[in-house]
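Hi,

Here is the structure I promised to pass on.

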Amino acid sequence: MPPLRNVVDINRRTGTPADRLHMPAGHSAHRAILETMLNELLALQLVCVLQYRRYSFVTKHLLVAGVKRGFLRYAQVQQEQADRIAERIVQLGGAPHVDPSDLATRSQARYSPQMDLQDMVGEDLRFVRTAIETFDDMARYFEVHDLATARILMGVRAMHEEHAQELAELLTGLTPPLRR
C-alpha cells in the first residue's frame, strides 16, 4: 500500500475511489485504503508513545521534573489514542499492523537523538504539527467514507492540537538552554 499522503493525493487527482490501486480480486480497495490509513495513524501514535517515553527517561535536570511527568502523561495519552485507533481497525474488519520493524517508516516520524531539552521539545513540536496536518487530511477523507472514524480522528487531532499548544508554551519557558 502506498503511504497515506500518496493515497489521499491519488484520490484528489483522479476524483475516484481507490480502485486504481489494483487490489486483489475479492478485496475491497476502499476498505483496504481505510485500513491502511488507520494503520498509519496507529504507527504514528505508537512511535509518539516511544518518543515521549524516551524523553521522560533522558530528562534528568531537577528544574524540569514537571516536564518529565508531562512526557509520561503524553505517552499515556498517545497510547490511549493508539488503542482507540486499533479498536476501530478491528471494528472495520481489519487487523492492527504493529510490526516494530517498520513502525517509524509508516508513521512518517523521524528519530532525533537530541541532547538539549529545548531541542527535544522543538523537534516534538514540529512532529506534532505534522501529525495535525496528517489527521486533517485523513479526517477529510474519512468524512466522506466513514463518519464514525472521522469523529475519532478529529478527537485525536484535538488532543494533538492541545499538546502542540502545551509544547509551544514549554519551549518558550525553557530559556536559557537546559541540558536534560
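R88 and D146 pair up through their side chains in a salt bridge, 3.0 Å from N to O (that is, a side-chain nitrogen of Lys or Arg within 4 Å of a carboxyl oxygen of Asp or Glu). R88 sits in helix α3 and D146 in the loop between α5 (117–145) and α6 (147–173), so this pair ties together parts 58 residues apart in sequence. Both R88 and D146 are buried, meaning under 20% relative accessible area, with exposed being over 50% and partly exposed in between (1.4 Å probe, protein chains only). Helices here are DSSP runs of H or I, at least four residues, numbered from the N terminus.

A caveat before the rest: this is a predicted model, so local features need pLDDT of at least 70 and side-chain atom pairs count only at pLDDT 80 or more, while totals for chains, interfaces and linings use all residues. Numbering starts from 1 along each chain as its sequence is written, and side-chain values use heavy atoms, leaving out hydrogens and water.

In total, the structure holds 6 salt bridges. Another one joins D136 and R157, with the closest N and O atoms 2.3 Å apart. D136 is in helix α5 and R157 in helix α6, so that pair links parts 21 residues apart in sequence. Shared partners bring D136, R157 and E161 into one network of salt bridges.

E123 and R126 also form one, at 3.1 Å from N to O. They are 3 residues apart in helix α5, about one helical turn. E123 is buried at 9% relative accessibility, whereas R126 is partly exposed at 49%.

Cheers

Conventions:
Helices (H or I, at least four residues) and strands (E, at least two) are DSSP runs, numbered from the N terminus.
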